[in-house]
Amino acid sequence: MDIKSIKSQFPIFKNKFNGKPLIYLDNANSSQKPKNVIDRISKFYSKEFSNIGRSVHTLAVTATNRFEESRDLMKKYINAKSREEIIFTKNATEAINLVASTYGDKFINRGDEILITELEHHANYVPWHFLRQKKGAIIKFAKCNDRGEVDIDEIKKLINNKTKIIAITHLSNVTGVIMPIKKIVDLASEKKIPVLVDGCQGAPHLKLDMQELGCDFYAISCHKMYGPTGVGVLYAKKKWLDVLPPYQGGGGMIEEVKKESITFPGSPTKYEAGTLQTAEVVGFSESLKFIEDVGIKNIMQHEKEILEYGLEEIKKNNSVRIIGDPKHRGSIISFTIKGIHPHDIATILDEDGVAIRAGHHCCQILHEKMGISASARASLGIYNSKDDIDALSSAIKKCNKVFNT
Amino acid sequence: MDIKELYQEIVLDHGKNPRNKNKCEGFNKEAKGHNPLCGDKVQVFLKLNNDKKVEDISFEGEGCAISIASASIMTETIKGKEFNVAKKILEHFINMLKEGSKLSINSLSQDENTTMMSLSGVKQFPMRVKCATLAWHTFIHAAEGKEETVKTEK
């Protein structure tokens, strides 16, 4: 695969930062955008823009069609059964909040249990915490082991008659573990417990097939998929969308409004209140086309190669501790360097144009479990190469030098 | 932007071997500081006498080299100073970090000024100003008897 040619589609790499070419290893945070995505937004505003779904003039029809095409592409990309199962949100956080709020309202009562794991990003814990406060529900945390994995037995142990939903990450944004979602869904379906998957890191790096995974809800962050910010997707099985109440109220999501009562249409309209991030959703269709052009299997293969090389190279440095050692790992290497705080690492790497993230990556519970308050994280995208890993390795050596460790 | 200006010898020394990193004996005031974005935490212990003079000061906590060094340097600089003088020193310190102004504080010795100046490199790294000021703001909170945790994000 010609990574150089793929990388050349991303205008950001034409710039220099601190006088150095950009080595972008912060993809788990957000990915860069190919030119087609950027241009699509500009073209939409220049030639096609109108609000969608309301007016009947030509522009409104065009804009609506473009917007809905994006939904169709997404439906096809993740192999959903119908386009009604694709709801656009402002981000994956909102997608999870939508489920916690609507499913929680209808199906979760005092003493009911929500099963999550110690791996979860705050976005897949805080919404459930709100529900815990509001409804008196209980949150159970499946334990993470030293390898940075949650063993399926840990989940099995916690499932009981009070378990009302299982919410779990597809790919941990800290340890990189790829969770066996299908097995978890099989386990849950024995007891008819719905499963929500936080797919923020899964969607950009793994082949997605909702029929194969079988989960009930899947939350996607489009800006991590080479797409615009402000777009998230909630995939939800239609059987849930038919029975769950609306989320936010407002324009566009109603059927009939009377002084005495209001009725609502079906999904996705019911869940898309107000004017949405129209241009960004349209722009996102180009991200999906980009991913399909490269091919998700090629992306997976390439990232696996770079990941393995990265782990191998970084392990050569004795001062580095890599967080977790999962059997199935994707796209993420979190690490610490003995005697150097992750923020200092990030600052020193930045001087060489190497962009990584430092901190708890919105996973305080996991960091506490690992006995650290923060870590440094290099996370991959399709444009990364072995050269980027070499730059990372030598920048890590520079940290050792600056701190004399 | 030069990394060596940020991580000067004095800063690295204080970062690796922080002074007064303990609970000082007989402290009568304390406060906590937290930077929720990066997880830096600091706790300042202060023995303030009736004349509002800092008889003793120490800290505990975890964080990056900049935040630990700054806390350590603060305890050395502030100890023995009147609270009002300490507050003035902080003003000068913040000016140095944000505006890049040179530090020449009359109430400090040449050595103390030099030590404080070792953090001047932070000016070129605006994201790190919070690291350098967390302990200082926590000290002010402790002295003024404010109970809520100092937070860099509001």
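The contact is made by A:Asn36, A:Val37, A:Arg40, A:Ile41, A:Phe44 and A:Tyr45 of H2(A), together with A:Ala279, A:Glu280, A:Val282, A:Gly283, A:Glu286, A:Ser287 and A:Phe290 of H11(A); two residues are in contact if their C-beta atoms, placed from the backbone, lie within 7 Å. By class, these residues comprise seven nonpolar, three polar and three charged, with Ala, Val, Leu, Ile, Met, Phe, Trp, Tyr, Cys and Pro counted as nonpolar, Asp, Glu, Lys and Arg as charged, and the others, Gly among them, as polar. H2(A) (residues 35–48) and H11(A) (residues 278–294) pack at an angle of about 145°, their axes being 8 Å apart. Axes are lines fitted to C-alpha atoms, for helices over the stretch in contact, and angles between N-to-C directions run from 0 to 180 degrees.

The model is predicted: local features need pLDDT of at least 70 and side-chain atom pairs count only at pLDDT 80 or more, whereas totals for chains, interfaces and linings use all residues. Residues are numbered from 1 along each chain as its sequence is written, and chains are lettered from A and ligands numbered from 1 in the order in which they are written. Helices (H or I, at least four residues) and strands (E, at least two) are DSSP runs, numbered from the N terminus.

Of the 17 residues of H11(A), 13 are buried, that is, have 20 or more other C-beta atoms, placed from the backbone, within 10 Å of their own. A:Gly295, with a positive phi near 95°, follows H11(A).

Strand E7 of chain A (residues 163–169) is also mostly covered, with six of its seven residues buried. The table lists strand pairings, a pair requiring at least two DSSP bridges.

| Strands | Bridges | Direction |
|---|---|---|
| E5(A) and E7(A) | three bridges | parallel |
| E7(A) and E8(A) | four bridges | parallel |
| E1(B) and E2(B) | seven bridges | antiparallel |

A:Ile166 of E7(A) stands opposite A:Leu115 and also opposite A:Val195 in E8(A).

In chain B, four strands form an open sheet of mixed pairing in the order E3-E2-E1-E4. Strands E3 (54–62) and E4 (150–151) of chain B stand at the edges with a single partner strand each, so one side of each lacks a neighbour in the sheet. Helix H3 of chain B (residues 65–78) packs on this sheet, touching E2 and E3 of chain B, and its direction makes about 170° with that of E3(B).

Notes. A residue is buried if 20 or more other C-beta atoms lie within 10 Å of its own, exposed if 12 or fewer, and partly exposed in between; C-beta atoms are placed from the backbone.
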